[in-house]
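Please walk through the fold of this protein chain, from its overall build down to single strands and helices. Plain paragraphs will do.

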Amino acid sequence: MALIRPQHDFEPGPLNRCQVCGSSDLDLVIDLGHQPLCDSLLSRDQLVQPETTYPLRLMRCTDCGLVQIDYVVAGQVVYHRSYPYRTGITKELSDHHHRLSVDVVRRHNTPVDSLVVDIGSNDGTLLKGFQRQGMRVLGIEPTDIAKFAREAGIETIQAFFDEEIARQVVESHGQAKLITATNVFAHMASLGAVLRAVEKLLAPDGLFVIENHYLGDIISNVQYDTAYHEHLRTYSIQSLIRLFSFYDMSVVDAQRVASYGGSIRIFVARGGNLPMSRGLTDLLAEEIGAGLYKSETYVAFRKNVSKHKADLLKLAITAAEQGKRFVGNSCPGRCSTLLNYVGIDRELMPYIAEQPTSLKLGLYLPGKHIPVVENSVLVEEQPDYVVLLAWHYWQTILAGLRARGVRSKFILPLPEVQVIEN
Ligand SMILES: [Zn+2]
């Protein structure tokens, strides 16, 4: 008997049902207060204008185990045309995407000249890897970042992916042997439209590959900074299996990967109730062992988050009292949640340093209005403390800054506050 499919297309505004299974049994995991959109950095002119904030609460579905936020901000507002996030400028991510393209082609044994479509293709970094392996590639990207992909020779449609776009692509390019969605599948409010579009576009022997931040890592590393309005859902593997059971598709394999502080890669094939790989059943057992479906786990998580807030704020205040310079380095989306929740403003952190290619330079962190400046300032100023806000890449970043002659002490904010002296 076919399952009754819950509504998977979400209107902007409050959400009181699970985004996967439709259950109304939602437990509060943590309330991070009202927060601005993390990738809506402000210009100097906007600093004297009102600023919009939205509720940011993590909720857990006690039926399927999905963790989600309970307020949807319209996609056009979150992914505004000048959305500043580019995959290709972070070397780790660029390398990671290249390896991903090679692994996927090898696993699926994709014939040369097959069509590969990337949903939320950003600047085309992932598709470049497929193109190098002889595939025909097509990106779908709603923001102006699409122009960087086109400049790099990656055909890109600037739009949100839906059934109409899928229909057009099938007509012009045929069905896709591979569809990828990296770091976007937790983000879409029109999840149902995307899944119906994937059903249309994916060839019968095709594979849909998703990579996203992972609930298991969020809990074990106290990564509450991955909670922001772009991340509507934080999946466990069990909740993803449930999601695809409502469509003519099945999760057939999964693996954990290190990107973004811990992610999962999921492989989905056409057809219902397909057999699961050994790796997939092992990961499901691991989730149960880690307590991902027990409420005590989330009580402990909430305590860890409050302790973290107190520890980091204390360090910032102590530095200020001692007349020490306490600054930030790197401005990933997640640092907006961290600094707004902990309550670190420009009195405590006078600036955030970023690499010269960042689209955030010259702008101000939403909510706290900390200016984002070029990272050469760290070499000139040698501040006492530099907080590594992109803590999920801290080793590479720290080595790079040391090599440039930055002698400051570094602070690793998560999974627990740690001062690195050398
Ligand atoms: Zn649910």
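Of the contacts in the protein chain between residues at least 6 apart in sequence, 69% join residues at least 24 apart; two residues are in contact if their C-beta atoms, placed from the backbone, lie within 7 Å. The model is a predicted one, in which local features need pLDDT of at least 70, side-chain atom pairs count only at pLDDT 80 or more, and totals for chains, interfaces and linings use all residues. Residue numbers start from 1 along each chain as its sequence is written.

The protein chain holds 13 helices and 19 strands. Helices (H or I, at least four residues) and strands (E, at least two) are DSSP runs, numbered from the N terminus. The radius of gyration of the protein chain is 21 Å, close to the 22 Å that the globule rule gives for 422 residues, so the chain is as compact as a globular protein of that length. That radius is taken over C-alpha atoms, and the globule rule is 2.2 Å times the number of residues to the power 0.38. Along the principal axes, the C-alpha atoms fill a box of roughly 65 × 50 × 40 Å.

Two domains divide the protein chain: domain 1 (87–293) and domain 2 (296–420), with bounds that come from an automatic or database domain assignment. Their contact takes 16 residues from domain 1 and 19 residues from domain 2. On the side of domain 1 that touches domain 2 there are eight nonpolar, five polar and three charged residues. In this count Ala, Val, Leu, Ile, Met, Phe, Trp, Tyr, Cys and Pro are nonpolar, Asp, Glu, Lys and Arg are charged, and the others, Gly among them, are polar.

In the protein chain, 47% of the 422 residues count as buried. A residue is buried if 20 or more other C-beta atoms lie within 10 Å of its own, exposed if 12 or fewer, and partly exposed in between, with C-beta atoms placed from the backbone. A nonpolar core is a set of buried Ala, Val, Leu, Ile, Met, Phe, Trp, Tyr and Cys residues joined through C-beta atoms within 7 Å. The largest such core has 120 residues, and those with the most contacts inside it include Val116, Ile179 and Phe208. Helix H6 (residues 191–201) gives the most to this core, with six residues. Both domain 1 (87–293) and domain 2 (296–420) give residues to the core, so it lies between them. Leaving aside residues up to four places away in sequence, Ile179 touches Val117, Ile119, Val198, Leu201, Leu202, Gly206 and Phe208.

An open sheet of seven strands runs in the order E8-E7-E6-E9-E10-E13-E12, with mixed pairing. Strands pair if DSSP finds at least two bridges between them. The edge strands, E8 (156–157) and E12, each pair on one side only. Strand E13 (residues 263–270) is mostly covered, with six of its eight residues buried. Strand E10 (residues 202–213) pairs with E13 in the antiparallel sense over seven bridges. Ile210 has Ile266 in E13 as its bridge partner, and Leu207 has Ala269. Strand E12 (residues 249–257) also runs antiparallel to E13, joined by eight bridges, and Asp253 stands opposite Phe267 in E13. E12 and E13 form a hairpin with five residues between them, and Tyr260 in the turn has a positive phi of about 55 degrees.

Helix H11 (residues 334–342) is mostly covered too, with eight of its nine residues buried. Among them are Arg334, Asn340 and Tyr341. The cover over the buried residues of H11 includes strand E2 (26–35), helix H10 (295–321) and strand E14 (326–329). Just after H11, Gly343 takes a positive phi of about 95 degrees.
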